[in-house]
Amino acid sequence: MPDLPASIVDARRLLPSVDRLLRHPLLQAAVERYGHKLSLRMVRDELASAREGATLEAVTEEALARAVLERLSRWTRPRARAVFNLTGTVIHTNLGRALLSEPAIEALGRVARAPVALEYDLEDGGRGDRDALVEALLCELTGAEAATVVNNNAAAVVLTLGALGAGREAIVSRGELIEIGGAFRMPDIMAAAGCRLREVGTTNRTHPRDYRDAINQETGLLVKVHASNYAIEGFTSTLSEREMAEIAHAAGLPLVVDLGSGALIDLADFGLPHEALPRDAILDGADVVTFSGDKLLGGPQAGIIVGRRDCIERIKRHPLKRALRLDKLVLAALEATLRHYRDDDHLERTLPTLRLLCRDEGSIRATGERLLARLGNDLDARFEGFNIELAACMSQLGSGSLPVDRLPSHALVWRPRAERREERERALRRLEAQMRGLERPVIGRLKEGALWLDLRCLEEGDEAAFIDQLARPTGTEGLR
Ligand SMILES: *Cc1c(COP(=O)(O)O)cnc(C)c1O
């Protein structure tokens with residue numbers, strides 16, 4: 001490149017050699033820690049970008065070495081990072097939904113390290129069925145005759161509709177043609193499963209005769225979809241599972257219920273809003289019920305299908321079943337989670353999701369008071385231009401469960417002090433980015449011109465780590 005200004009050519013000549021930079025004292029520990037090969041690569045990359053010009057003005061070797069450290073730290077940081085979920089939504093799909101119990105985490109590790117009898121019958125040495133790891137537990141907990149499991153509830157619905165209704169009509173109320181985000185729209189799911197959607201009733205009211213009148217030679221099944229992430233209120237009318245089962249069975253058709261969240265215990269016993277139980281749907285006559293493993297159940301991502309033996313057999317024989325099956329890690333974690341429901345007297349302590357949902361307002365407020373007491377001055381120094389206070393708020397269960405029910409909670413609220421609206425908005429965006437940029441990113445919620453950090457999901461064991469990183473001066477995270 002003959003036309004470069006002389007100063008740049010000079011600055012290039014001043015850059016250290018790869019070997020020299022790699023031997024810089026600041027990088028010695030890094031080479032030990034990250035290895036020679038990776039360190040060499042990052043040194044080369046840093047020098048290449050320095051040579052490209054942008055940072056050419058008087059760049060010192062120390063600055064280059066620090067930049068290499070920063071590169072190493074960014075490069076080796078896992079993409080799947082732990083965050084603080086202070087959004088106020090406990091079961092947050094974008095943040096990975098339920099947290100696993102310690103026994104479930106142990107089970108994951110156990111089967112990850114060693115071969116397991118996954119499809120091997122230890123009784124007779126013959127070939128086994130992987131679903132057997134959880135089937136008996138699921139039947140016991142839901143009262144169903146048979147059960148199978150797949151990748152998630154969306155898969156459970158597609159597979160069930162495909163196995164029981166492909167090429168035929170599936171009757172669904174217009175009030176239940178839901179979208180639950182992430183491209184799960186009931187009409188599209190029907191199409192993917194090869195069913196023809198037959199809509200009946202209206203958005204707010206569907207009557208028994210709507211279903212009866214729609215049944216014909218082409219009908220394959222009746223479907224009921226649980227209203228999970230929305231509520232229709234006012235002048236409404238829908239059929240219960242029992243009424244729908246009667247209509248379906250009178251016509252010799254199966255009733256499939258997509259429960260969505262599906263709690264295995266009555267949450268009202270824990271002071272939470274009642275959520276429909278698979279057990280009740282089965283008792284009411286549903287032939288197949290599907291629900292998620294990682295919503296209120298508190299386990300790993302999975303789709304659970306329970307119901308009548310002949311229906312479950314057909315579902316298991318469908319070719320898609322093999323494509324949607326669970327791996328040993330998820331099966332082991334699911335088994336451990338289900339065992340809590342059978343054997344454990346203290347679900348609200350051992351299942352983290354339930355524990356967070358049950359957390360009382362007083363304990364959340366106490367967390368907030370401790371944080372303010374410990375962080376007080378540091379926060380003022382670090383988050384200049386904000387008033388920080390503890391305020392009452394409402395948490396949500398989340399993930400398509402119980403949209404209208406809210407749980408009283410407390411939040412740390414960051415309110416910008418600036419006079420002008422644009423300045424306040426800029427300050428908030430900066431603050432939000434600063435929180436996201438922390439070593440363990442803090443995810444909150446912008447509301448009413450402030451950043452709200454709902455403390456429901458900040459348990460006592462995590463307080464120290466939270467305080468520690470908020471109190472640390474900016475810019476040290478990357479160097480560790
Ligand atoms: C959440 C939900 C689903 C999808 O479940 P995933 O486990 O996310 O695939 C389907 N139907 C209803 C009613 C739901 O609430």
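Modeller: Gladly; what follows goes label by label, and please keep in mind that this is a predicted model.

Colleague: Let's begin with lysine 321. Why is lysine 321 called buried?

Modeller: Buried means under 20% relative accessible area. Lysine 321 has a relative accessible area of 9%, so the label buried applies. Its place is in helix H14, residues 319-323.

Colleague: Which residues does lysine 321 touch, leaving out those up to four places away in sequence?

Modeller: On that count, lysine 321 touches Asp131, Thr148, Val149, Val150, Leu159, Ile315 and Lys316.

Colleague: Good link. How do you know that the length of helix H8 agrees with its number of residues?

Modeller: Helix H8 has 13 residues, 153-165, and at 1.5 Å a residue it should span 18 Å. The end C-alpha atoms are 17 Å apart, which agrees.

Colleague: And what makes H8 mostly covered?

Modeller: In H8, 12 of the 13 residues are buried. After H8 comes glycine 167, whose phi is positive, near 80°.

Colleague: On to charges. What makes arginine 71 and glutamate 46 a salt bridge?

Modeller: The rule asks for a side-chain nitrogen of Lys or Arg within 4 Å of a carboxyl oxygen of Asp or Glu. Here the closest N and O atoms are 2.5 Å apart, so the pair qualifies. The two residues are 25 apart in the chain, with arginine 71 in helix H5 (residues 61-76) and glutamate 46 in helix H4 (residues 36-51).

Colleague: What does the salt bridge of aspartate 287 with arginine 308 tie together?

Modeller: Their closest N and O atoms are 2.5 Å apart. Aspartate 287 lies in the loop between helix H12 and strand E7, and arginine 308 in the loop between strand E8 and helix H13, so the pair ties together parts that are 21 residues apart in sequence. At 2% relative accessibility aspartate 287 counts as buried, while arginine 308, at 32%, counts as partly exposed.

Colleague: How many salt bridges does the rule give?

Modeller: The count comes to 28. There is also a network of salt bridges that links Glu119, Arg127, Arg130 and Arg325.

Technical notes:
Residues numbered from 1 in each chain as written. Predicted model: local features only at pLDDT ≥ 70, side-chain atom pairs only at ≥ 80, totals over all residues. Heavy atoms only, no water. Helix = DSSP H or I, 4+ residues; strand = E, 2+ residues; numbered from the N terminus. Expected span 1.5 Å × (residues − 1). Buried < 20%, exposed > 50% of the residue type's maximum accessible area, 1.4 Å probe, protein only. Contact = heavy atoms within 4.5 Å.
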